[in-house]
Amino acid sequence: MAAAASVTNTTTFSTSVSQRRHQRRSSASISTLNAFNSTSKRSLKTLISHSAVPSNATVRRHTSIISAATSDLPSSGPATSFHGTCYVVRDNIDTDQIIPAEYLTLVPSKPEEYKKLGSYALIGLPTSYETRFVEPGEYQSKYSIIIAGDNFGCGSSREHAPVALGAAGVTAVVAESYARIFFRNSVATGEIYPLESEVRVCDECNTGDVVTIELDQSLLINHTTGKEYKLKPIGDAGPVIEAGGIFAYARKAGMIPA
């Protein structure tokens with residue numbers, strides 16, 4: 001299962017910074033994980049296993065840290081739920097559809113280029129998706145939650161995929177299942193919450209529906225239809241995303257120097 005995937009032996013990716021309302025978390029190179037993996041307080045594989053989140057767990061929005069100049073940005077405070085308009089896609093949405101290869105030259109650690117990445121999120125979808133995820137001329141989408149089918153994030157292992165979605169304003173994706181590398185990159189960057197549904201929600205929701213995700217209840221509520229859907233618990237991946245990604249978590253846990 002994607003949620004049980006280890007984050008060791010991963011590739012390097014650039015630090016990302018958010019200009020979003022919730023002050024997106026930063027990401028950094030994870031190629032050096034082996035340097036502290038042997039002395040970590042618990043294994044990184046355990047960190048993103050699919051065990052249940054405690055019912056009293058608190059999920060917070062975090063300040064992005066790209067440099068000393070931006071490290072004092074204010075936090076938006078605790079949150080255990082995400083509310084917004086959803087965008088629905090089907091099966092096998094690959095990373096080239098999420099962010100085409102021609103935009104991979106953009107460096108997420110540069111605020112202006114991070115912003116541009118958001119404007120290109122899901123621009124590779126086929127023309128059968130008549131509603132654009134991000135309107136022309138805009139940098140962020142009005143859809144903050146994506147609902148998807150099977151195998152979301154398949155294809156190449158580009159770390160820009162979850163970063164582009166985060167830059168576009170996405171807080172979470174609810175999919176029937178994920179490609180392992182996309183799930184791993186989502187957790188490692190801390191950009192979005194990759195949540196799995198217990199049923200095929202993409203068949204029962206429409207783009208534009210107003211939804212709420214209750215993380216502490218592992219629940220998706222569609223206010224437009226009045227239906228509720230049980231989600232699989234995010235498990236030990238939650239604290240890593242909550243901290244702002246794997247390096248932020250490692251510093252917080254004392255696994256590497258702060």
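## Helix 5 against helix 6

The crossing of helix 5 and helix 6 is right-handed (the near helix is turned clockwise from the far one by less than a right angle). This is a predicted model, in which local features need pLDDT of at least 70 and side-chain atom pairs count only at pLDDT 80 or more, while totals for chains, interfaces and linings use all residues. Residues are numbered from 1 along each chain as its sequence is written, and side-chain values use heavy atoms, with hydrogens and water left out.

Helices here are DSSP runs (H or I, at least four residues), and strands are E runs of at least two, numbered from the N terminus.

## The contact residues

Helix 5 brings Ala 161, Pro 162, Val 163 and Leu 165 to the contact. They meet Phe 182, Asn 185, Ser 186 and Thr 189 of helix 6 (heavy atoms within 4.5 Å). Five of these residues are nonpolar, three polar and none charged. Ala, Val, Leu, Ile, Met, Phe, Trp, Tyr, Cys and Pro count as nonpolar, Asp, Glu, Lys and Arg as charged, and the others, Gly among them, as polar.

## Salt bridges

The whole structure holds six salt bridges (a side-chain nitrogen of Lys or Arg within 4 Å of a carboxyl oxygen of Asp or Glu). One of them pairs Arg 90 with Asp 203 at 2.4 Å, N to O. Arg 90 sits in the loop between strand 1 (81–88) and helix 3 (95–98), and Asp 203 in the loop between strand 4 (193–196) and strand 5 (210–214), so the pair ties together parts 113 residues apart in sequence. Arg 90 is partly exposed at 36% relative accessibility, and Asp 203 is partly exposed at 45%. Buried means under 20% relative accessible area, exposed over 50%, and partly exposed in between (1.4 Å probe, protein chains only).

Arg 158 and Asp 96 form another salt bridge, at 3.0 Å, N to O. Arg 158 lies in the loop between strand 2 (143–148) and helix 5, and Asp 96 in helix 3, 62 residues apart. Arg 158 is buried at 14%, whereas Asp 96 is partly exposed at 37%.
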